[in-house]
Amino acid sequence: MKQAAQLAPFAKYLFFIIAIVLAVFGAGSFMRVNDDPDMKMMYNIYAVLMFGDAVAMLFCGLYINRQIKFLYWFAVIVLSLNIILTIFDQFGLVDLIFSLLNVVTLAILLVCRKEFLP
């Protein structure tokens with residue numbers, strides 16, 4: 001169990017990495033708006049959702065070590081949704097890497113739950 005507790009600090013940094021990735025993807029979606037004017041609304045919706053997800057990940061990364069029960073379960077749900085929603089989209093290499101990043105973070109949260117829960 002001591003080895004699992006050593007993984008706990010990495011969860012915080014993984015949340016920050018995921019937030020950065022989502023912010024980059026969100027910016028990329030905004031930049032694609034001019035490529036296909038018919039899809040303008042869809043790209044804007046994708047971008048806003050990605051930025052919202054990035055804010056949620058940033059929030060989780062900042063406060064996950066405070067042992068707040070609500071925040072722990074919020075983080076588990078957001079990571080789970082990221083994994084599920086990525087699988088049901090067009091799945092490519094970027095999606096695989098993003099899913100694995102979320103899976104690793106979720107696994108650390110579940111294995112080290114005593115470190116994150118009061």
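Me: How much space lies in the largest pocket?

Reply: This is a predicted model, in which local features need pLDDT of at least 70 and side-chain atom pairs count only at pLDDT 80 or more, while totals for chains, interfaces and linings use all residues. Residues are numbered from 1 along each chain as its sequence is written, and side-chain values use heavy atoms, with hydrogens and water left out. A pocket is an open set of points on a 1 Å grid over the protein atoms alone, where a 1.4 Å probe fits, with protein on both sides within 12 Å along at least five of seven lines; lining residues have an atom within 4 Å of a point. With grid points joined across faces, edges and corners, and volume taken as the space filled by probe spheres set on the points, the largest pocket holds about 990 Å³.

Me: Which helix gives the most to the lining of the largest pocket?

Reply: The lining comprises 24 residues, and the closest to the pocket centre are Y46, M50, L85, D89 and D95. Helices are DSSP runs (H or I, at least four residues) numbered from the N terminus, and α1 (2-31), α2 (40-63), α3 (69-87) and α4 (93-111) each supply at least two lining residues. The greatest contribution, eight residues, comes from α2.

Me: How many disulfides does the count come to?

Reply: A disulfide is taken as a pair of cysteine sulfur atoms within 2.5 Å. For C60, the nearest cysteine sulfur is that of C112, 16 Å away, and C60 is in no disulfide. The count comes to zero.

Me: Is C60 buried or exposed?

Reply: Buried means under 20% relative accessible area, exposed over 50%, and partly exposed in between (1.4 Å probe, protein chains only). With a relative accessible area of 0%, C60 is buried.

Me: What arc do the buried residues of α3 cover around the axis?

Reply: In α3, the buried residues are L71, Y72, A75, V76, V78, L79, N82, I83 and T86. The arc is that of the directions from the helix axis to the C-beta atoms. These residues lie on the same side of α3, because their arc is only 165°.

Me: Which exposed residues does the face of α3 turned away from its buried side carry?

Reply: Opposite the buried side, the exposed residues on that face of α3 are K69, F70 and L85.

Me: Where does Q67 lie?

Reply: Q67 has a positive phi of about 55° although it is not a glycine. Most residues other than glycine have a negative phi. Q67 is partly exposed, at 37% relative accessible area, and lies in the loop between α2 and α3.
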